[in-house]
Amino acid sequence: MSNDPKTTTEAEWRNKLTPEQYHVLREAGTERAFTGKYDKHFEEGEYTCAGCGTVLFASDAKYNSGCGWPAFTKPADGEMVEERRDTSHGMIRTEVLCSACGGHLGHVFPDGPPEAGGMRYCINSTSLDFASDEG
């Protein structure tokens, strides 16, 4: 696989990722609501990109939104998450991508907790890995 995730070929991505990860990260797919392993996951640690390992979200920004996908109030480092306008499926939304590899993560909505900035980063579990603070 290429050292630069942005130049990794689709064949290399297919070889590295599971079919579900490939569908979400490389084809902007969505896992079914309430099926992801991190929806009800609240251990302390960091959520990283399943494609390239970049740290994307910290556990202290995760909350139970009830939407069926992991929800975060903010990225761990705003520069590692890219946002862009998404007009697919007859809707206008803001897509969230990993800045390092371009992988699709989910969408961000302005209906999060007001006391935490009001944003809800709605992220597919399959696009994430988790590293516990406990080692």
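Analyst: The questions below take up labels used for this predicted model, and each answer sets a value against a cut-off.

User: Why is Thr48 called buried?

Analyst: Buried means under 20% relative accessible area. Thr48 has 12% relative accessibility, so Thr48 counts as buried. Thr48 is found in strand S1, where 4 of the 5 residues are buried.

User: How do you know that S1 is paired with S9?

Analyst: Two strands pair if there are at least two bridges between them. S1 and S9 (residues 128-132) are joined by 5 bridges, so they count as paired. The two strands run antiparallel. Thr48 has Asp129 in S9 as its bridge partner.

User: What makes S2 a partner of S1?

Analyst: At least two bridges are needed for a pair. There are 3 bridges between S1 and strand S2 (residues 55-58), so the pair qualifies. These strands also run antiparallel. Tyr47 has Phe57 in S2 as its bridge partner. The hairpin of S1 and S2 has 5 residues between the strands, and Gly53 there takes a positive phi near 85 degrees.

User: How do you know that S4 and S8 are paired?

Analyst: The count of bridges between S4 (residues 71-72) and S8 (residues 120-123) is 2. The requirement is at least two, so the pair meets the definition. The two strands run antiparallel, and Phe72 stands opposite Tyr121 in S8.

User: Which strands stand at the edges of the open sheet, and why?

Analyst: The open sheet has 6 strands in the order S3-S4-S8-S7-S6-S5, with antiparallel pairing. Strands S3 (62-63) and S5 (81-86) stand at the edges because each has a single partner strand. One side of each is therefore left without a neighbour in the sheet.

User: Why is the contact of Arg84 and Glu95 called a salt bridge?

Analyst: The cut-off is 4 Å between a side-chain nitrogen of Lys or Arg and a carboxyl oxygen of Asp or Glu. For Arg84 and Glu95 the closest N and O atoms are 3.1 Å apart, so the pair is a salt bridge. It links distant parts of the chain, with Arg84 in strand S5 and Glu95 in strand S6, 11 residues apart. The structure holds 5 salt bridges.

User: Are Arg84 and Glu95 buried or partly exposed?

Analyst: Arg84 has a relative accessible area of 42%, which lies between 20% and 50%, so Arg84 is partly exposed. Glu95, at 7%, is under 20% and therefore buried.

User: Why are the phi values of Phe34 and His89 pointed out?

Analyst: Most residues other than glycine have a negative phi. Phe34 has a positive phi of about 65 degrees although it is not a glycine. His89 is not a glycine either, and its phi is positive at about 60 degrees. Phe34 lies in the loop between H2 and S1, and His89 in the loop between S5 and strand S6 (93-98).

User: Why are Phe34 and His89 called exposed?

Analyst: Exposed means over 50% relative accessible area. Phe34 has 53%, so Phe34 is exposed. His89 has 68% and is therefore exposed as well.

Notes: Residues numbered from 1 in each chain as written. Predicted model: local features only at pLDDT ≥ 70, side-chain atom pairs only at ≥ 80, totals over all residues. Heavy atoms only, no water. Buried < 20%, exposed > 50% of the residue type's maximum accessible area, 1.4 Å probe, protein only.
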